[in-house]
Amino acid sequence: DRMARLQLEEPPTDLTLKPGEDAQAWADQLGGEELASGSIRLPAGARLAELPGYAEGQWWVQDAAASLAARLVGDVAGKDVADLCAAPGGKAMQLATAGARLTAVEISRQRMERLRENVARLRLEMTIVEADARNWRPDAPLDAILLDAPCSALGVMRRHPEGAWRRDPKDLERFPKIQRALVDAAWEMLKPGGRLVYCVCTPSPEEGRDVVDAVVASGRWKRQILTPEDVPGFVHALTDDGDVMTVPAKRDSESAAVSENVTEPVESDVFYIARLERMGA
């Protein structure tokens with residue numbers, strides 16, 4: 001019910017800042033608020049291109065939940081990292097600004113152009129590859145991968161209301177096969193012990209929890225349990241399995257027992273996120 005109500009609301013505009021920027025100062029300058037997750041939230045309808053910092057590439061538009069996935073990759077400075085299914089580029093830009101030697105892989109030429117435009121505005125360096133990530137392989141094993149897999153996108157219908165008319169039950173059979181193939185491909189790309197952050201912008205268990213449970217059961221992956229310290233502003237979104245599902249919080253039952261430093265829960269798009277470690281030689 002909470003997710004359904006959320007999809008009927010006009011969404012705010014969240015911004016991600018380059019590392020080292022003063023979030024509160026930018027919030028004051030832009031007329032927004034700093035969220036516990038570190039994002040800046042502006043009211044819906046903000047004229048972004050006219051705001052300070054846009055032309056200079058000091059920030060980019062990215063929902064707070066979407067920004068969480070790249071942060072969960074951890075310290076990527078100087079590491080070899082790939083963002084699979086990278087367009088429009090928000091997560092790729094997070095990884096690049098954090099110092100990763102990044103390869104952004106995208107199958108759609110049209111979406112790749114938007115990725116290139118965003119990267120150019122922020123003046124970032126990364127290798128952009130047009131390829132199907134199920135078949136593409138890096139020249140050498142990678143330290144980490146972020147996979148925002150194709151999905152039914154049922155968690156972002158407030159931003160894409162046409163999704164209600166474009167999806168049907170067959171998608172819940174089609175997408176998990178693609179998602180599993182991408183996770184299997186990621187295993188072949190990573191070094192032993194390498195990290196994969198898997199996410200989808202949908203709450204359907206077939207595309208999130210079930211995919212992760214299956215690959216963990218295969219013995220090729222180990223789930224890295226997420227903690228309250230990993231997800232500021234999203235403590236309410238931690239699942240019993242140690243993953244994240246960013247459903248709206250029950251405002252009258254947010255538990256202070258989970259953490260000594262309980263912050264106001266961040267309301268966001270609905271993302272499922274899991275962090276995995278590659279097993280095997």
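## Pocket, helix packing and backbone notes

Strand 1 (13–17), helix 3 (64–71) and helix 4 (90–97) each contribute at least two residues to the lining of the second largest pocket; helices (H or I, at least four residues) and strands (E, at least two) are DSSP runs, numbered from the N terminus. Please keep in mind that this is a predicted model, where local features need pLDDT of at least 70 and side-chain atom pairs count only at pLDDT 80 or more, while totals for chains, interfaces and linings use all residues. Residues are numbered from 1 along each chain as its sequence is written, and side-chain values use heavy atoms, with hydrogens and water left out.

**The second largest pocket**

- Its volume is about 280 Å³, a volume being the space filled by probe spheres set on grid points that are joined across faces, edges and corners.
- A pocket, on a 1 Å grid over the protein atoms alone, is an open set of points where a 1.4 Å probe fits, with protein on both sides within 12 Å along at least five of seven lines; lining residues have an atom within 4 Å of a point.
- The lining has 17 residues, and Thr-16, Leu-17, Pro-19, Arg-71 and Gln-94 lie nearest the centre of the pocket.
- Helix 4 gives the most to this lining, with three residues.
- By type, the lining holds eight nonpolar, six polar and three charged residues (Ala, Val, Leu, Ile, Met, Phe, Trp, Tyr, Cys and Pro count as nonpolar, Asp, Glu, Lys and Arg as charged, and the others, Gly among them, as polar).

**Helix 3 with helix 4**

- These two helices pack at an angle of about 40 degrees, with axes 9 Å apart; axes are lines fitted to C-alpha atoms, for helices over the stretch in contact, and angles run from 0 to 180 degrees between N-to-C directions.
- Helix 3 and helix 4 are therefore oblique to each other (under 35 degrees counts as roughly parallel, over 145 as roughly antiparallel, 65 to 115 as roughly perpendicular and the rest as oblique).
- On the helix 3 side, Ala-66, Ser-67, Ala-69, Ala-70 and Arg-71 meet Lys-91, Gln-94 and Leu-95 of helix 4.
- The residues of this contact are four nonpolar, two polar and two charged.

**Helix 7 with helix 8**

- Helix 7 (residues 171–189) and helix 8 (residues 209–217) also pack at about 40 degrees, with their axes 10 Å apart.
- Gln-179, Arg-180 and Val-183 of helix 7 make the contact with Val-211, Ala-214 and Val-215 of helix 8, contact meaning heavy atoms within 4.5 Å.

**Backbone points**

- Ala-87 and Pro-88 are joined by a cis peptide bond, with omega about 5 degrees.
- Pro-88 sits in the loop between strand 5 (80–84) and helix 4.
- Arg-123, a residue other than glycine, has a positive phi near 55 degrees.
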